[in-house]
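Here are my notes for a first look at this model. Please read them with the structure open beside you.

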Amino acid sequence: MKRRIFLKGSLAAGTLAVAAGAGMLTPKSVLAAAWPKAAFESKTEVEALQAFFGTSDVEQSDKISIKAPLQAENGAVVPVKVMTSLAGVEGIAICAIKNPRPYTTSLRVTDGGGGLYSTRIKMGQTSPVNCYVKAGGKLYMASQEIKVTVGGCGG
Amino acid sequence: MASTKMKIKKSKSGGYEVMVLAKHPMETGNRKDKKTGEKIPEHFIENMEFAVNGEMVAQANLGTGVSKNPLIGVGIPNAKPGDTVTVSWVDNRGESDSAEKVVK
């Protein structure tokens, strides 16, 4: 069945190495995209951006909106929704820069995907949360500070 | 399986949004077991893939910085009623789950 083949293919994809360059999807490499380990393990935001987007040259954009609380009730569950009207979205990433590993999550998008990604992240302390969007080959960002009174990274 | 739930709703900016709630501990590897004092090893969802009619449209990359029981929302602007949307995820131990829904 088509669905089972699809699922088998995508589960096996974790073992395939990503081709050279950034962790972005190209239509061909879509099904082979491995989990961006280097980005997740980066201790700095710049390293993480390089690992995932292939660049850390970024400009502010007012076409990215962030829906997130100004103060998190619980640092273990902080909702963040990133929306963008930029055209040609390739990827979205969310970094909580004061977390021990700032890169928390990302989304790779193909032609059928859109400029919307929402999730809930863990934050260890009050921090700016930087939301990046790669669109039309360029990297953009918007940021919002989220205050945290009860940290949520565990340990 | 009941551990992954999906909802599809119309998006204000056109098309649809898929919301997925995956039951998963998302352990950071920093927490200690209260009884043994040992650290609970990392256990987290790595990739979560979204497909429309069998074609992947997005891949969410999660890590230990994502909250327990991830609630993930992704836009699918080109989806239409009758399309089948599938979400499937795999974690760092190779465990996986999936769910499927038809756009109404």
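1. A term first. Two residues are in contact if their C-beta atoms, placed from the backbone, lie within 7 Å. With that in hand, take the contacts in chain A between residues at least 6 apart in sequence: 63% of them join residues at least 24 apart. Note also that this is a predicted model.

2. The make-up of chain A. Chain A has three helices and nine strands. Read from the N terminus, its elements run α-α-α-β-β-β-β-β-β-β-β-β. The chain holds 155 residues, and 44% of them count as buried.

3. Confidence in chain A. The mean pLDDT is 83, and 76% of the residues of chain A reach 70 or more. Residues 5-22 of chain A fall below 50, although this stretch has 30 contacts in the model beyond near neighbours in sequence. Residues 25-31 of chain A also stay under 50. For residues 25-31 the model has 13 contacts beyond four places in sequence. A caution applies here: where pLDDT is low, the predicted coordinates should not be read in detail.

4. A tryptophan to find. A:Trp35 sits in the loop between helix 1 (2-12) and helix 2 (37-41) of chain A. Is A:Trp35 buried or exposed? A:Trp35 counts as buried, because 21 C-beta neighbours lie inside 10 Å; the cut-off for buried is 20 or more. A:Gly91 is 56 residues away from A:Trp35 along the chain, and their C-alpha atoms are separated by 14 Å.

5. Strand 4 of chain A. This strand covers residues 78-84, and five of its seven residues are buried. Strand 4 of chain A pairs with strand 2 (residues 64-67) of chain A in the antiparallel sense, over four bridges. There, A:Ser65 has A:Met83 as its bridge partner. Strand 4 of chain A also pairs with strand 7 (residues 116-121) of chain A, again antiparallel, over six bridges. In that pairing A:Pro79 stands opposite A:Arg120, and A:Val82 has A:Tyr117 as its bridge partner.

6. The sheet crosses between chains. Which strand of chain B pairs with strand 7 of chain A? Strand 5 of chain B does, in the antiparallel sense, over two bridges. A:Tyr117 stands opposite B:Val74 in strand 5 of chain B. A:Tyr117 is also the bridge partner of A:Val82.

7. The contact between the chains. Chain B gives 37 residues to it and chain A gives 41. On the chain B side, five strands each supply at least two residues: strand 3 (45-52), strand 4 (55-61), strand 5 (71-76), strand 6 (84-91) and strand 7 (96-102). Strand 4 of chain B gives the most to this side, with seven residues. By class, the chain B side has 15 nonpolar, 17 polar and five charged residues.

8. The nonpolar core. The largest one has 59 residues. Inside it, B:Phe50, B:Val74 and B:Ile76 have the most contacts. Strand 5 (residues 89-96) of chain A gives the most to this core, with six residues. What does B:Phe50 touch beyond four places in sequence? The residues are B:Val18, B:Met56, B:Val57, B:Ala58, B:Val74, B:Ile76, B:Val85 and B:Val87. As background, nonpolar side chains tend to be buried together in soluble globular proteins.

9. Two backbone angles to check. Most residues other than glycine have a negative phi. B:Met26 has a positive phi of about 45° and is not a glycine. B:Met26 lies in the loop between strand 2 (16-22) and strand 3 of chain B. With 23 C-beta neighbours inside 10 Å, B:Met26 counts as buried. B:Asn69 also has a positive phi, near 55°. B:Asn69 is in the loop between strand 4 and strand 5 of chain B. B:Asn69 counts as partly exposed, because 14 C-beta neighbours lie inside 10 Å.

Methods
Residues are numbered from 1 along each chain as its sequence is written. Chains are lettered from A and ligands numbered from 1 in the order in which they are written. This is a predicted model: local features need pLDDT of at least 70, side-chain atom pairs count only at pLDDT 80 or more; totals for chains, interfaces and linings use all residues. A residue is buried if 20 or more other C-beta atoms lie within 10 Å of its own, exposed if 12 or fewer, and partly exposed in between; C-beta atoms are placed from the backbone. Two strands pair if DSSP finds at least two bridges between them. A nonpolar core is a set of buried Ala, Val, Leu, Ile, Met, Phe, Trp, Tyr and Cys residues joined through C-beta atoms within 7 Å. Ala, Val, Leu, Ile, Met, Phe, Trp, Tyr, Cys and Pro count as nonpolar, Asp, Glu, Lys and Arg as charged, and the others, Gly among them, as polar. pLDDT is the predictor's confidence in each residue, from 0 to 100.
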